[in-house]
Amino acid sequence: MELELTDFQHCEDTDFLIRVLASGSAGNCTILKVGSAAYLLDVGVSASRICEGARELGIAVRHPTRKPCSPHQGEALSVRIEAALLTHTHDDHVRQTALRLLLHNGVCLYVHKSHVKNPKLLPWFEKLHEKDCLRSFQEPWWLTQGLLVE
């Protein structure tokens with residue numbers, strides 16, 4: 001899978017930020033913040049780590065078993081996680097606690113069609129599907145303006 005960043009000159013007023021929360025055999029997760037939307041690239045860290053990273057960037061997300069992860073008590077946040085993209089289903093790219101966080105927040109998970117039947121993750125994929133939060137893909141598609149997934 002290849003994530004291609006296209007020319008952003010046509011949307012100069014859009015803020016774009018990449019924050020790597022973890023990279024390596026212990027876990028992989030990156031936050032892409034594009035304007036008032038955020039996206040997760042892989043979810044191979046705990047729900048708590050995703051919440052911490054989101055809070056640092058001013059992104060609204062609720063931990064599945066704790067209080068909301070907002071930066072300041074009572075502050076309304078305009079940035080939320082719109083979707084998560086799973087590159088593949090190795091343990092360091094997807095954790096069940098992170099899938100619970102996606103489900104709890106109604107965040108759609110995009111996963112390649114060849115990975116949807118992974119027996120270890122199938123129960124979580126079915127729960128996401130029941131909430132209309134699972135999308136499979138095979139062809140290149142646009143995650144958001146300027147971000148092409150191939």
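A residue is called buried when its relative accessible area is under 20%, exposed when it is over 50%, and partly exposed in between (1.4 Å probe, protein chains only). The structure is a predicted model, in which local features need pLDDT of at least 70 and side-chain atom pairs count only at pLDDT 80 or more, while totals for chains, interfaces and linings use all residues. Residues are numbered from 1 along each chain as its sequence is written, and side-chain values use heavy atoms, with hydrogens and water left out. Helices (H or I, at least four residues) and strands (E, at least two) are DSSP runs, numbered from the N terminus.

Side chains of opposite charge can pair when their charged atoms come close. With a salt bridge taken as a side-chain nitrogen of Lys or Arg within 4 Å of a carboxyl oxygen of Asp or Glu, the count is five. One of these joins Arg19 to Glu56, with 3.1 Å between the closest N and O atoms. Arg19 belongs to strand S2 (residues 16-22) and Glu56 to helix H1 (residues 47-56), so the pair ties together parts that are 37 residues apart in sequence. Arg19 is partly exposed, at a relative accessible area of 30%.

A salt bridge also forms between Glu52 and Arg49, whose closest N and O atoms are 3.6 Å apart. Both residues lie in helix H1, three residues apart, a separation of about one helical turn. Glu52 is partly exposed at 33% relative accessibility, and Arg49 is partly exposed at 25%.

Lys120 and Asp91 form a further salt bridge, at 2.1 Å from N to O. This pair links distant parts of the chain, 29 residues apart: Lys120 is in the loop between strand S7 (108-112) and helix H3 (122-130), and Asp91 is in the loop between strand S6 (79-86) and helix H2 (96-105). Lys120 is partly exposed, at 40%, whereas Asp91 is exposed, at 52%.

In helix H2, the buried residues include Ala98, Leu99 and Leu101. The buried residues of H2 pack against strand S4 (37-41), H1, S6, S7 and H3, where contact means heavy atoms within 4.5 Å. Just after H2, Gly106 has a positive phi of about 65°.

In helix H3, Trp124, Phe125 and Leu128 are buried. Viewed down the helix axis, the buried residues of H3 fall within an arc of 100°, so they line one face of the helix; the arc is that of the directions from the helix axis to the C-beta atoms. The exposed residues His129 and Glu130 are on the face of H3 turned away from its buried side. The cover over the buried residues of H3 includes S6, H2, S7 and strand S8 (134-137). Asp132, which follows H3, has a positive phi near 60°.
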